[in-house]
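Thanks for coming, everyone. Let me put the structure up, and then I'll walk through a few contacts.

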Amino acid sequence: MWRSSHNRRGFTLIEAMVSLLLLVIVLTVAMTMLFQMRAFAERQQFFMLPRQAARRATEYLSYYVASASDVNDVQNNPNALITYYNLNGSVLQASYDNLTGAEPGNAVTTPNVTTKFGDIGTDVITLVAPINPAKYRVSAPFPGFSAGAKSIRVNFRVGCGGPAGTDDVTNMAQFKAATGFDGANSALLMFEDTNGEWSYFQIPAAGYISSNCADVTTYRNILVQAVIQSATLPAPPNGGVAAFSDPVSLVTGLQFISFRVRTDPVDNLPKLQQKIGLFNPNTDNPGVEFVNVMENVEDLQVAYVYANGDIWNNTAGQTISQANAGARCNVAACDNRVPPQAGPGAVTQEALDVTGVIGLRFSITARSPRISIGARQLTNVNVTDVLTTTTSQHFRPASENHPVTMDTLAPLRPLYDLFDHYRATSTMLLRNRTLGS
Amino acid sequence: MKRTTRGSSFIEVLLAMTIMALVLVGILQMFSVSLIINKGSAARTQMLFKCQQVVENVRLFYHLTRQGSTTPPAITESGHVGGTAMTIPGALPDVLGDVSKSFLPYNQAESAATWGYWGPAGANVMEQENGPYKISYTIRRDGPPNPCGPSGCQNMWVITVSATPTDVATATRYFGVDLKSGKRVDYVAQFP
């Protein structure tokens, strides 16, 4: 085969150099743009993560706050928010403001970061949300609050109506389900009397005695035996009323739930945590009952909105205390910086009693993961501005009465770090305390 | 068969590189477009959240009014420019079809009193002075044609909260999102 031998010369040196130079220029421009885009995208991710986390946590809490209720419409849901309760004769605090570690039962575990109850400067809140609420009439007369197990008969017939001889079994099973029986105890329940006075109640496994579907005259269908006033059961903060007025109702389907923010020692990330149950300063230190809900949540702040429009715990000067509130809150409990809870019955209530709260304004501050080196170039992490002029978001912002942590070495500067921070706030009416308005 | 075995000419190489550069620029432009779209979504998500918070706060004023309680002092100031001045919550429109419009303060200078409530030290709906969005809301009296029956009058108000990217040139602004971009968010809710 004949092959042409002409025109087989390659590029001249000049041509090759020009070609390579142009190629390098094109690739340099392309790569620069590519890397910039990658850095922008990464920066955007760090920018968005705390916003998403804060909004997500806010939405999560909003569900519980908006629906908070103990299904006690007579007294306008007096125990929907819980700041105090009684256990074994001691008044325990269930909600806290700006943890310091100095609270009874609490202590700092990591200096400047966390305490046994939660992270320094964060709040703890306990409330009641009805998840499947129902009221069942207790047969009169109510046995009273003296010591010892009491027999309580309840009008509960959900499982009745089946074949004779088996419906009692079904009815008891249904009653156990309705009371949240977990094999050892029922969920925490409540009694409410005709005047709206209330108490806590819990049924042990041995307390589910019998069902009697055949009783269609007095409707004493379920018999339970349990101590009503027990050393191991919570009681209203003042111990409760001396006696209930019939008729009394057994309230089921309530979820007592506590929220806090605590840095997880496993991965050193601050997390929103929740516990199904009342916050117990004797066991939740940190205890094992709180579970993680969301990570990178570093602050929970709660301000209390009262029915007269006042908002408390939103600034240092407006934080609940005897000094700040004067005659509106004039008992020692006010100095714990959360609304006092006098309890049911004809007790003297402070004006700032928790039963007067009709809304919560809560703020969640979240942070990004530690900003990568590439993304740091696009954000001024080495800022040295003082707090009053800074536009940086690389420090935890002030939230309600939780001020910014200042740099101890440069007191006018906030304590800058390598995270993006974002605060989301939600104002929520306690819907069930506004009924009829 | 006669075949040409010569290589590419210099002109051909230049042409090829030009085409490659154009393609690369096109591909890289897709990154920047997606970044802008991403920023726009983030902006709208934030504005939607803020609109929801406005509704929750107005629900609070509404409740306080019906209780006969005083509202937070900053809230009783009349509305700002651009619509019928409205005192919150005292002047919910009481005629069917009436509309009241209010603007949230954009900075402290515009309204020091209301800024205290809506600003970062308060409800935190406006996160910063001269921020990237502006918020206004209208409340319209609505209801059935014959709203009063045996159980009373069925009053109903519909609130529409609107958030738009700022049009202030010197303000903190969303990247790639301005008033002309159409990134307005409306949120509608109802009062009983």
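Start with B:Lys50. Its relative accessibility is 1%, so B:Lys50 counts as buried. Buried means under 20% relative accessible area, exposed means over 50%, and partly exposed is in between, with a 1.4 Å probe and protein chains only. What does B:Lys50 meet in a salt bridge? The partner is B:Glu127, at 2.8 Å from N to O. By salt bridge I mean a side-chain nitrogen of Lys or Arg within 4 Å of a carboxyl oxygen of Asp or Glu. B:Lys50 sits in helix α1 (residues 10-67) of chain B, and B:Glu127 in the loop between α2 (112-118) and β2 (133-142) of that chain, so the pair ties together parts that are 77 residues apart in sequence. Helices (H or I, at least four residues) and strands (E, at least two) are DSSP runs, numbered from the N terminus.

Quick ground rules. This is a predicted model: local features need pLDDT of at least 70, side-chain atom pairs count only at pLDDT 80 or more, and totals for chains, interfaces and linings use all residues. Residues are numbered from 1 along each chain as its sequence is written, chains are lettered from A and ligands numbered from 1 in the order in which they are written, and side-chain values use heavy atoms, with hydrogens and water left out.

Another pair in chain B. B:Asp167 forms a salt bridge with B:Lys134, with the closest N and O atoms 3.3 Å apart. These two are 33 residues apart: B:Asp167 is in the loop between β5 (156-165) and β6 (185-191), B:Lys134 in strand β2. B:Asp167 is partly exposed, at 46% relative accessibility. B:Lys134 is partly exposed too, at 29%.

Over to chain A. A:Glu400 forms a salt bridge with A:Arg361, at 2.9 Å between the closest N and O atoms. A:Glu400 lies in the loop between α4 (373-376) and β19, A:Arg361 in strand β18, and 39 residues separate them. Are they buried or exposed? Both are buried. Over all chains, the search finds 18 salt bridges.

Now look at A:Thr425. A:Thr425 is in strand β19 of chain A. Its relative accessible area is 1%, so A:Thr425 is buried. Which residues does A:Thr425 touch, leaving out those up to four places away in sequence? Among them are A:Arg361 and A:Glu400, along with B:Phe49, B:Gln53 and B:Asn124. Contact here means heavy atoms within 4.5 Å. Side-chain polar contacts join A:Thr425 to A:Ser363 at 2.9 Å and to B:Asn124 at 3.0 Å. A polar contact is a pair of N or O atoms within 3.5 Å; within protein, one must be able to donate a hydrogen and the other to accept it, and residues adjacent in sequence count only if both atoms are side-chain atoms.

That brings us to the interface. 44 residues of chain A contact 44 residues of chain B. The two chains bury about 3,700 Å² between them, 64% of it on carbon and sulfur atoms. Buried area is the accessible area (1.4 Å probe) that two parts lose on being put together, summed over both. How many salt bridges cross the interface? The rule finds one. A:Arg431 pairs with B:Glu56 in a salt bridge, with the closest N and O atoms 3.2 Å apart.
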